[in-house]
Amino acid sequence: MRSELVADLVERAQELLLNARRAVALTGAGISTPSGIPDFRSPTSGLWQHVDPMQVATLYAFQQRPQDFYDWIHPLVETTLAARPNAAHHALVEMESHGPLRAVITQNIDMLHSKAGSQRVIEIHGHLREMTCLRCYDIVPAAPVFQQFLATGEVPRCHCGGVLKPNVILFGEQLPVRAVQAAKHETIQSDLMLVAGSSLELASAGYLPILARQTGARLIVVNLEPTHVDELADVVIRADVVDILPRLAAPFQEADQAWDQA
Ligand SMILES: [Zn+2]
């Protein structure tokens with residue numbers, strides 16, 4: 001996209017945001033790649049170069065061969081735990097603190113929205129914050145477990161001996177009901193949805209912008225690739241979220257500064 005065109009679109013998106021009373025953001029892998037996190041589900045991420053996802057990242061495969069799953073996820077855990085939020089994450093925090101943003105719905109499991117300081121984050125594909133024992137269903141904080149796992153490479157186990165599974169949604173696994181309901185609720189309540197860094201290819205998130213439009217919300221899409229809802233959107237900016245989101249948040253920052261000086 002030419003920069004003059006992007007500037008026009010940014011301005012239109014800013015106007016929509018300034019006029020919104022209750023906005024919701026929907027984010028995907030594209031907001032985390034600038035933080036160095038590979039796209040969990042993308043065939044081009046390198047994560048799938050040597051393995052078939054169906055062989056390691058389904059619930060059945062996990063139960064059958066947890067060591068294969070943990071061998072595969074090892075680099076992803078290491079990268080994710082060390083990753084820091086980027087300018088796009090911080091822009092959403094700004095829009096929540098001083099603008100109309102009420103919630104972030106994310107497909108990401110990396111917890112970077114929370115790390116950045118977003119207050120209401122709905123993680124529809126789960127997260128790496130906790131783990132669940134597949135035998136006694138005990139839920140434990142993941143950080144100490146992962147520390148040990150990264151040092152030893154051994155399959156994490158519960159005090160009961162059962163295998164611990166990170167609270168991420170594997171292929172073919174049902175999405176967390178409460179998160180999905182919260183995502184729908186926020187979407188229906190909002191008068192603007194900002195899609196940021198998601199190609200919306202997954203059914204789990206792809207219908208939310210459609211639901212938003214059906215219930216009368218405005219729609220802004222910021223993504224490098226085309227999406228299936230571009231035609232429905234009020235503004236489509238085909239650029240990197242790390243460049244665009246801080247520009248969309250700028251009016252709220254300025255308003256905040258003016259307020260401080262008054
Ligand atoms: Zn257990």
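Accessible areas here come from the Shrake-Rupley method with a 1.4 Å probe, and for residues only the protein chains shown count as cover. On that basis the chain exposes about 12700 Å², with carbon and sulfur atoms supplying 49% of it. The structure is a predicted model, in which local features need pLDDT of at least 70, side-chain atom pairs count only at pLDDT 80 or more, and totals for chains, interfaces and linings use all residues. Residues are numbered from 1 along each chain as its sequence is written, and side-chain values use heavy atoms, with hydrogens and water left out.

Now for the overall build. The chain holds eleven helices and nine strands, where helices (H or I, at least four residues) and strands (E, at least two) are DSSP runs numbered from the N terminus. Its radius of gyration is 19 Å, close to the 18 Å that the globule rule gives for 262 residues, so the chain is as compact as a globular protein of that length. For reference, the radius is taken over C-alpha atoms, and the rule is 2.2 Å times the number of residues to the power 0.38. Taken along the principal axes, the C-alpha atoms fill a box of roughly 60 × 40 × 30 Å. Of the 262 residues, 51% count as buried; buried means under 20% relative accessible area, exposed means over 50%, and partly exposed is in between (1.4 Å probe, protein chains only). As for contacts (heavy atoms within 4.5 Å), 68% of those between residues at least 6 apart in sequence join residues at least 24 apart.

Next comes the metal site. The zinc ion takes its protein donors from the SG atoms of Cys 133, Cys 136, Cys 158 and Cys 160, which lie 2.3 Å from it. Donors are N, O and S atoms within 2.8 Å of the metal (3.2 Å for Na, K and Ca), and water is not among the atoms, so sites may look incomplete. Angles among the four donor atoms run from 102 to 117°, and the site is tetrahedral; for four donors, that label asks for all angles between 85 and 135 degrees. Along the sequence, the donor residues follow the spacing C-x2-C-x21-C-x1-C.

With a relative accessible area of 49%, Ala 143 is partly exposed. Between Ala 143 and Met 131 there are twelve residues of separation in sequence and 9.4 Å in space, C-alpha to C-alpha.

Glu 186 belongs to helix H8 (residues 177-189) and is buried, with a relative accessible area of 5%. Its side chain makes a polar contact with that of Arg 120 at 2.8 Å. A polar contact is a pair of N or O atoms within 3.5 Å; within protein, one must be able to donate a hydrogen and the other to accept it, and residues adjacent in sequence count only if both atoms are side-chain atoms. Leaving aside neighbours within four places in sequence, Glu 186 is in contact with Arg 22, Val 24, Arg 102, Ala 103, Arg 120 and Ile 122.

One of those partners, Ala 103, lies in strand S2. Ala 103 is buried, with a relative accessible area of 1%. The C-alpha atoms of Ala 103 and Arg 120 are 4.9 Å apart, with the two residues 17 apart in sequence. Not counting residues up to four places away in sequence, Ala 103 touches Ala 23, Val 24, Ala 25, Arg 120, Ile 122 and Glu 186.

Thr 27 is in strand S1 (residues 23-27), and is buried with a relative accessible area of 0%. Beyond its neighbours within four places in sequence, its contacts include Val 104, Ile 105, Thr 106, His 113 and Ala 196.

Finally, the backbone. Most residues other than glycine have a negative phi. Met 111, however, has a positive phi near 65°; this residue lies in the loop between strand S2 (101-106) and helix H6 (112-116) and is buried at 12% relative accessible area. Leu 200 has a positive phi too, of about 60°. Leu 200 is found in the loop between strand S7 (192-196) and helix H9 (203-206), and counts as buried at 2% relative accessibility.

Note on methods. Four donors count as tetrahedral if all angles lie between 85 and 135 degrees; four count as square planar and six as octahedral if opposite donors are over 155 degrees apart and all others between 65 and 115; anything else is irregular.
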